[in-house]
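Please look at the sequence and the 3D structure shown below, and keep both at hand while reading the report that follows.

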Amino acid sequence: MLCSFASQAQTVIPLWAKGAPGFENRRNEPEQAKDYWVKNIHNPSLTVYMPPADKTNGAAVIICPGGGHRLLVYNSEGVAPAKFYNELGITVFILKYRLGKDSLSPYKVDIHPKQDAYRAMRLVRSRAAEFNIDTNRIGMMGFSAGGEVVDMVAFSGWQGDPKAADPIDRVNAKPNFIVQVYPGPGFVPEKITAEAPPAFLIAANDDACCSLPLIQLLQRYREAKVPVEMHMYARGNHAFNMGTNRRLKSINNWPQRLADWLEDSNILQPEHKKVLH
């Protein structure tokens, strides 16, 4: 099943041409993939899903699938949302980040996924012209553990290093918006600043793991007076993905709420300021 999905992807871009810093000698180790998941990721990468040419609108999003930092729920939290975004005209990059809890993993959850996510944002922004992307409309989406990855990078540390030897490392890594779908509890910041990106937040109230992080994020956004929209559904538990795996009309239709927010937030089309003559 994974192979049929993967065959539709146009391009795979390694985050570092020679492999991840400090782990270059592992970049050729093969990933493991079965059913719905991918793991054993030693050469972090972006898989590109382009929208139809007649729909593309210049927006882009980097998707961080969940999986408890043990694996990536690649199909339902990567490919499925990619297809949703493509239909809206948005270019998608699915991030395969390194997994700190994979078996015999040399990586640390609080270090290496963060490096990968910062690098992914910088890489996409640096190649925006190649993919016809507006550098001011590049967001990040996280599911579960992938939401923790988004939390690690969305609120600080964006500035590039102007003296970096690698020109990609000079690029600003700030996402222009974030979409957090039942994000994990591990890295919710104690405080966010007024510079935080606008956010769309969604979870189910009966999700014992990941409904509280959403409420915490909402409160911190309200305190910072940054635009935020939250949908807390009564039922749905954890891992309802794009809504097709539940017999709940509210969950089945949640992606439409996201589509509405993307339109209302001028992400699908940039806001044209009125010029007074």
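## Strand β5 and its partners

Cys64 of β5 has Gly142 as its bridge partner in β8, and these two strands pair in the parallel sense over five bridges. The model is a predicted one, in which local features need pLDDT of at least 70 and side-chain atom pairs count only at pLDDT 80 or more, while totals for chains, interfaces and linings use all residues. Residues are numbered from 1 along each chain as its sequence is written, and side-chain values use heavy atoms, with hydrogens and water left out. Strands here are DSSP runs of E with at least two residues, helices are runs of H or I with at least four, and both are numbered from the N terminus; two strands count as paired if DSSP finds at least two bridges between them.

Strand β5 (residues 60-64) also pairs in the parallel sense with β7 (residues 91-96), over four bridges, and there Ile63 has Ile94 as its bridge partner. In general, strands of a sheet pair through backbone hydrogen bonds, either parallel or antiparallel.

## How covered is β5?

Five of the five residues of β5 are buried, where buried means under 20% relative accessible area, exposed over 50%, and partly exposed in between, with a 1.4 Å probe and protein chains only. In a regular strand the side chains alternate between the two faces of the sheet. For β5 both faces are covered, with Ala60, Ile62 and Cys64 buried on one side and Val61 and Ile63 buried on the other.

## The whole sheet

The open sheet has eight strands in the order β1-β4-β7-β5-β8-β9-β10-β11, with mixed pairing. Because β1 (11-14) and β11 (228-233) stand at the edges with a single partner strand each, one side of each is left without a neighbour in the sheet.

## Helix α3

Which parts of the structure cover the buried residues of α3? They include β1, β4, β5, β7, β8 and α4 (145-154). Of the 15 residues of α3, 12 are buried, among them His112, Tyr118, Met121 and Val124.

How values were computed. Contact means heavy atoms within 4.5 Å.
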